[in-house]
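Trainee: Could you show me how to read a sheet and a pocket?
Mentor: Gladly; let us look together.

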Amino acid sequence: MNYTKTAGEKSTVKLTINFSKEEWDKALNEAYLKSRGKFSVPGFRKGKAPKPVIENYYGKGAFYEEAFNYLYYTNYFSILEKEKANFTAVGEPDLGVDEIKEGEGVTLTAVVPVKPDVEIEKYTGLKIRKFEYNVTDADVDGEVEKLLSRKATDVEVTDRACKNGDRVNLDFSGSVDGEKFAGGTAEGYDLVLGSGSFIAGFEEQVVGMNIGDEKDITVTFPENYQADNLRGKQAVFALKLNSITGKILPELTDEFVKANAGVDTVEEYKVKTRARLERRAADESRDKTESSIVDEVCKYAKVEIPDAMIENEIDAIARDFSQRLSYQGIKLEDYVEYMGQTMAEFRAQFNTQAHTRVLSQLVVEKIVKLEKFTAEDSEVEAKIAEQAASVEKSVEDYKKGMDPRQLDYIKNDIIITKLFDFLTANNEMYVEDEKKEEVAKEKKSAPKKTAKKSTAKKEEPKE
């Protein structure tokens with residue numbers, strides 16, 4: 001067997017694989033031995049007819065397909081191993097037969113989708129947004145409220161309108177252009193106001209209703225809503241409020257936090273809560289800043305991503321989606337049917353997300369390669385020692401319980417940390433005032449005032 005390789009379109013490599021007469025004859029014989037039981041020939045028990053007899057009865061090509069498969073599976077992966085320094089396959093090849101010569105050999109082709117090389121115009125000297133999230137006293141107070149709320153006593157409310165924090169019981173029926181849609185109708189539905197469980201604008205319009213009130217509210221589905229038929233559509237929900245359940249919060253005392261938070265005093269609880277929030281804020285700041293850096297660098301990247309990589313990423317997104325549904329006892333197939341979609345339509349909505357994720361990964365890998373970032377043995381050992389100390393184990397004992405994959409994760413973490421330290425240091429990072437930015441967005445989206453009386457409908461809240 002010998003082969004040649006040529007670059008193909010859209011990040012593919014075409015392998016042209018030539019097999020000699022002896023190799024082809026062996027493949028045909030292997031195919032005969034494997035599949036002869038499928039053929040019935042008059043005068044012979046099934047599976048007992050000689051190879052020439054079967055070929056004469058069913059045609060010369062009776063064993064061709066099985067022989068092609070044999071040649072593929074016994075040679076293709078060894079070729080990939082030999083070529084791993086030159087390209088990496090990222091999906092199944094498109095197989096074909098180039099030529100079969102009677103009494104000679106056979107030539108097969110395999111068009112292989114491969115990991116593409118990325119051209120990055122520049123990845124330093126850019127102006128990139130940095131995210132910084134600070135913890136305020138209000139944030140700490142909010143966590144206190146959550147703790148108190150979890151231990152609150154429910155109480156039926158009959159003498160006032162509902163407000164945020166209340167649990168209300170509703171009947172509702174939603175329609176778009178006068179037609180009801182799947183999932184838009186329910187009776188006796190419990191909803192905690194302010195939880196953000198429903199589409200933006202829904203809960204806000206329930207606030208202020210009294211028991212027995214009925215009203216129609218209008219909301220607009222976001223443009224990225226999962227059901228294609230509802231994206232960007234305006235919906236009207238007919239509501240009836242059946243009941244209101246409020247909460248009586250316990251008093252925040254040392255005795256309360258000792259019993260419910262594992263600390264001795266309210267002050268200690270607040271100090272620990274702030275520290276936890278600050279760790280979370282630091283993680284979120286880092287994650288969003290790293291995403292911001294990659295997003296900006298990707299604007300300067302050129303690459304032809306093969307369809308196989310996008311499909312593989314959609315597979316991963318769909319698996320994650322299915323896993324999250326399973327926690328609620330829902331099968332993905334049932335969810336897709338309930339949303340009125342085909343599986344192809346469900347997958348298609350993740351195309352952009354998958355492309356972004358694949359491009360980001362390719363860009364990161366390219367810069368790591370260009371800058372030659374590695375994880376030194378001393379750095380790996382230091383990280384292992386740090387992790388061992390965090391669980392109060394000796395390094396030796398910790399290593400004994402390590403999964404082999406954990407070592408790869410540690411190395412990758414060290415490399416990625418070096419990458420973002422480098423990109424942060426070599427680009428102009430700026431912090432945006434999020435409050436000013438939000439005000440600017442509101443001004444931009446606000447309807448312009450006119451001298452004459454406006455007949456436009458009130459703008460609906462956007463998600």
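Mentor: We start with the sheet and then turn to the pocket. This is a predicted model, in which local features need pLDDT of at least 70, side-chain atom pairs count only at pLDDT 80 or more, and totals for chains, interfaces and linings use all residues. Residues are numbered from 1 along each chain as its sequence is written, and side-chain values use heavy atoms, leaving out hydrogens and water.

Trainee: In what order do the four strands of the open sheet lie?
Mentor: Strands (E, at least two residues) and helices (H or I, at least four) are DSSP runs numbered from the N terminus, and two strands pair if DSSP finds at least two bridges between them. Here the order is E1-E2-E4-E3, with antiparallel pairing. E1 (2-7) and E3 (94-100) are the edge strands, each pairing on one side only.

Trainee: How many bridges join E3 to E4?
Mentor: Six, with E4 spanning residues 106-113; Asp94, for one, has Val111 as its bridge partner in E4.

Trainee: And how is a pocket found?
Mentor: Rolling a probe the size of a water molecule over the atoms shows where empty space is left. On a 1 Å grid over the protein atoms alone, a pocket is an open set of points where a 1.4 Å probe fits, with protein on both sides within 12 Å along at least five of seven lines; lining residues have an atom within 4 Å of a point.

Trainee: Which residues are closest to the centre of the largest pocket?
Mentor: Gly183, Ser197, Phe198, Phe221 and Tyr225, out of 23 lining residues. Strand E9 (179-192) and helix H9 (332-338) each supply at least two lining residues, and E9 gives the largest share, six.
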